[in-house]
Structure formats: C-alpha cells, structure tokens
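Please read this briefing alongside the sequence and the model. The points are grouped by topic.

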Amino acid sequence: MSKFWSPFVKDLVPYVPGEQPKLTKLVKLNTNENPYGPSPKAIAAMQAELNDDLRLYPDPNGDRLKQAVAAHYGVPASQVFVGNGSDEVLAHAFHGLFQHGKPLLFPDISYSFYPVYCGLYGIQAEPIALDEQFQIRIEDYARPNGGIIFPNPNAPTGCLLALEAVERLLQANPDSVVLVDEAYIDFGGESAISLVSRYPNLLVTQTLSKSRSLAGLRVGLAVGHEDLIEALERIKNSFNSYPLDRIAIAGAAAAFEDRAYFEQTCAAVIDSREQVVAGLQALGFEVLPSAANFIFARHPGRDAAGIAAALREQGVIVRHFKQARIAQFLRISIGSPEQNQALLDALAAL
Ligand code: PMP
C-alpha cells in the first residue's frame with residue numbers, strides 16, 4: 001500500500017494464480033497443463049516465424065488464427081475474437097458485455113477469476129450455489145440478471161452441463177449475454193459453438209492452454225454473434241491493439257490446423273483420466289464425474305490439505321482450495337502415464 005495508490009487499487013482483490021514452481025523435478029499436477037506438448041507443426045511454425053521479420057508489428061487482428069479457428073468450427077471468421085489467453089478474452093467480455101446495475105450470475109464454485117473481474121469492472125456478482133451433486137441447476141438462473149457466465153465443464157469440479165441444458169439456459173435469458181467458458185471442453189464435452197448461429201446472446205470462450213498444450217504462449221479465443229465480437233474488438237482496440245505477437249499467431253494457427261494431433265492427444269488424456277479415476281477409487285477416493293483434463297476428488301477419512309502437503313513432500317503437487325464447501329477436495333491434473341503412476345504410488349504410500 002502506498003500513498004500513490006488510487007482508492008480503486010486499494011480495494012482490488014486480485015486473482016491468485018496456481019503455483020508455478022521453480023523446481024523442475026516435481027510431478028506438476030496443479031494447473032491443468034497438458035502432458036503431451038504442442039503439435040510439432042505448431043513448433044515448426046513458431047520457429048519459422050522467428051526466422052521471419054520480428055522487426056515488424058504483428059497483424060493486429062490475428063486474421064491467420066481467426067481463419068484457422070473458423071475453419072475448425074465451420075463458422076465465419078467474423079464471429080471469432082482472439083486474445084492473450086482466455087483470461088484476457090474474459091476480461092474484455094466482462095468489460096464490454098455484462099450489464100451494470102443488474103447482477104452477473106455464476107456458480108458459487110467456479111473459476112475464481114470471475115469475482116475478480118467483477119471487482120475490476122464494477123459489476124455486481126451473484127454467485128449461485130451448485131446442487132448437492134455439485135451440478136449447475138439451470139432453474140436457479142431464471143432470475144433477473146445482467147449476464148450469466150459459467151465454465152463448461154465446470155472448474156474446479158470437472159462436471160459437464162449437457163448441451164441441451166445450455167440451450168435451455170439461452171432460451172430462458174434472451175436479453176442478457178450468456179458466456180460459456182469452455183477452457184476444458186475438448187476433454188469430453190460438446191461445444192456450444194454449434195449454437196452460436198441461433199443465439200445472438202451466446203459467447204463461447206476457449207483457450208489453447210489446455211487441449212492444444214500452449215499455456216506458455218497465452219492464446220485464447222471467443223466465438224459469438226458479430227455484434228458481440230465487435231464489442232470485444234472495440235474494448236481490445238482501446239486497450240492493446242496487438243494482443244498477440246507474431247509467434248503466437250503462427251503457433252496457435254498451426255495448432256488449430258493440426259486436427260489429427262489434437263484429437264490423438266485429447267484421446268490419450270481422456271484415457272489416462274479414466275485410469276487415474278479407477279486408481280483413486282481403488283484407494284478409497286470419491287471422484288466427481290469429470291469431462292476435463294483434471295479430476296476433483298476427496299477421501300472420506302482424510303484431510304485434503306494434509307494429503308496435498310504430504311504429496312508435496314514426495315515431489316507431487318496438486319491443487320487444494322480453502323473455500324469451505326470444497327476444502328475436502330483435491331484438484332488433480334491428468335499428467336503423463338508416468339506422472340499419474342507417481343501420483344497413485346505416492347498416495348498409496350501415505
Ligand atoms: N477459464 C477457466 C475455467 C480456467 O480454468 C482457466 C485456466 N486457469 C482459464 C479460463 C484461463 O486460461 P488461459 O488464460 O490460459 O487461456
């Protein structure tokens with residue numbers, strides 16, 4: 001705190017990112033990265049870009065990437081927005097699309113960045129409890145609102161809301177923006193992008209950090225009606241007209257174009273997830289149904305914070321949240337087969 005801070009900054013409660021440890025030997029299962037690395041074609045495209053002309057500014061619109069995303073999903077490129085990680089895309093959506101003076105509805109257990117953006121942009125937050133099974137109950141969202149946002153699959157629970165339920169939510173809220181944050185959709189869900197042409201109030205965000213294994217590159221995107229995309233472009237061009245650098249545009253576009261690698265690595269993560277779930281259940285854990293590249297699990301007889309600390313001593317890091325309702329859970333990212341085995345061995349040894 002300093003006398004130079006504005007009152008606004010004094011009151012900001014920023015997001016606390018998951019730990020990025022400096023030690024490299026750890027079995028790192030705490031921030032949902034992909035164990036398989038990006039497509040070799042994406043690496044080659046980035047290397048080629050390095051040999052090109054970094055002296056020049058990038059394309060401010062990232063058109064090459066927008067076209068690759070548009071081709072992947074069969075939508076016009078004019079319905080695609082790209083930004084520096086989906087965190088930045090979400091920030092622009094909070095800034096430009098959620099109404100003031102009415103509450104923004106989101107699940108009380110969901111991505112903890114949402115309340116932070118509410119604070120940053122002066123939006124009234126209204127968290128809504130999940131049901132007993134940690135599922136989103138869409139009937140609870142039939143109330144006046146200035147927008148709705150939820151991750152699908154949800155984070156950190158991993159639970160999926162069926163596309164048919166997403167559509168009912170859209171039908172019930174035609175006058176406000178419904179933002180579906182699909183950071184983890186490629187690990188077992190069906191994207192709501194297929195609904196964009198019918199619902200002008202739907203915005204879907206995705207990231208290249210998870211299923212395309214480019215967390216270090218910081219690329220995210222949104223797909224929605226042209227009017228919503230136009231709002232995001234206005235915000236972006238009032239903030240940073242070059243959110244993506246030349247390397248990011250080239251690498252992310254090539255990653256989207258390599259559908260075979262994407263499908264193969266997602267399938268491998270899903271397969272590993274089923275094995276980790278079986279292994280954890282054999283050790284007495286209860287695991288919520290996951291459609292993500294992580295699982296959310298608790299052990300009836302053991303303290304989750306204690307397990308996380310004990311795992312850490314054995315070089316395995318997982319995520320524990322202090323929020324009361326989920327304090328008995330651990331969120332565990334799906335790693336490589338060797339990492340997953342190291343996790344199960346460490347747990348068995350506890
Ligand atoms: N949404 C959700 C639900 C997430 O878990 C994350 C990852 N922390 C993000 C968005 C942001 O991902 P990124 O900024 O890496 O695209």
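Which residues cover both faces of strand 7, and are they buried or exposed? Leu202, Val204 and Gln206 lie on one side and Leu203, Thr205 and Thr207 on the other, and all are buried. A residue is called buried if 20 or more other C-beta atoms lie within 10 Å of its own, exposed if 12 or fewer, and partly exposed in between, with C-beta atoms placed from the backbone. The model is predicted: local features need pLDDT of at least 70 and side-chain atom pairs count only at pLDDT 80 or more, while totals for chains, interfaces and linings use all residues. Residues are numbered from 1 along each chain as its sequence is written.

- Strand 7 spans residues 202–207, and because six of its six residues are buried, it is largely enclosed by the rest of the structure.
- Strands (E, at least two residues) and helices (H or I, at least four) are DSSP runs, numbered from the N terminus.
- Strand 7 pairs with strand 6 (residues 178–181) in the parallel sense, over four bridges; two strands pair if DSSP finds at least two bridges between them.
- Leucine 203 in strand 7 is the bridge partner of leucine 179.
- With strand 8 (residues 220–224), strand 7 pairs in the antiparallel sense over five bridges.
- Valine 204 has valine 223 in strand 8 as its bridge partner.

**Nonpolar core**

- The largest nonpolar core has 97 residues, of which Ala93, Leu203, Ala222 and Ala252 touch the most other members.
- Such a core is a set of buried Ala, Val, Leu, Ile, Met, Phe, Trp, Tyr and Cys residues joined through C-beta atoms within 7 Å.
- Helix 8 (residues 246–257) gives this core its largest share, eight residues.
- Both domain 1 (7–37 + 260–349) and domain 2 (40–258) contribute at least three residues to this core.
- Alanine 222 is in contact with Phe81, Val89, Ala93, Leu203, Val204, Thr205 and Leu232, leaving aside neighbours within four places in sequence; contact requires C-beta atoms, placed from the backbone, within 7 Å.

**Domains**

- The domain assignment of the protein gives domain 1 (7–37 + 260–349) and domain 2 (40–258); such bounds come from an automatic or database assignment.
- The centres of the two domains, taken over C-alpha atoms, are 23 Å apart.
- Domain 1 puts 30 residues into the contact and domain 2 puts in 25 residues.
- On the side of domain 1 that touches domain 2, the elements giving two or more residues are helix 9 (259–282) and strand 10 (294–298).
- Helix 9 supplies the largest share of that side, seven residues.
- By class, that side of domain 1 has 20 nonpolar, six polar and four charged residues.
- In this scheme Ala, Val, Leu, Ile, Met, Phe, Trp, Tyr, Cys and Pro count as nonpolar, Asp, Glu, Lys and Arg as charged, and the others, Gly among them, as polar.

**Ligand shell**

- Residues around the ligand include Gly85, Ser86, Asp87, Tyr111, Asp181, Thr207 and Gly220; a residue counts here if its C-beta atom, placed from the backbone, lies within 6 Å of the molecule.
- Helix 4 (residues 85–97) gives the largest share of this shell, three residues.
- The shell has five nonpolar, five polar and two charged residues.

**Strand 12**

- Strand 12 (residues 329–333) is largely enclosed by the rest of the structure, because five of its five residues are buried.
- Phe329, Arg331 and Ser333 are on one side of strand 12 and Leu330 and Ile332 on the other, all buried.
- Strand 12 runs antiparallel to strand 10, joined by five bridges.
- Leucine 330 in strand 12 stands opposite alanine 297.

**Selected buried polar and charged residues**

- Asparagine 293 lies in the loop between strand 9 (286–287) and strand 10.
- Asparagine 293 counts as buried because it has 27 C-beta neighbours inside 10 Å.
- Beyond four places in sequence, the contacts of asparagine 293 include Asn32, Tyr184, Lys210 and Ser333.
- Lysine 66 lies in helix 3 (residues 63–73) and is buried, with 25 other C-beta atoms within 10 Å.
- Lysine 28 lies in strand 1 (residues 27–28) and counts as buried, with 21 C-beta neighbours inside 10 Å.
- Lysine 28 and isoleucine 334 are 306 residues apart in sequence and 9.6 Å apart in space, C-alpha to C-alpha.

How values were computed:
Two residues are in contact if their C-beta atoms, placed from the backbone, lie within 7 Å.
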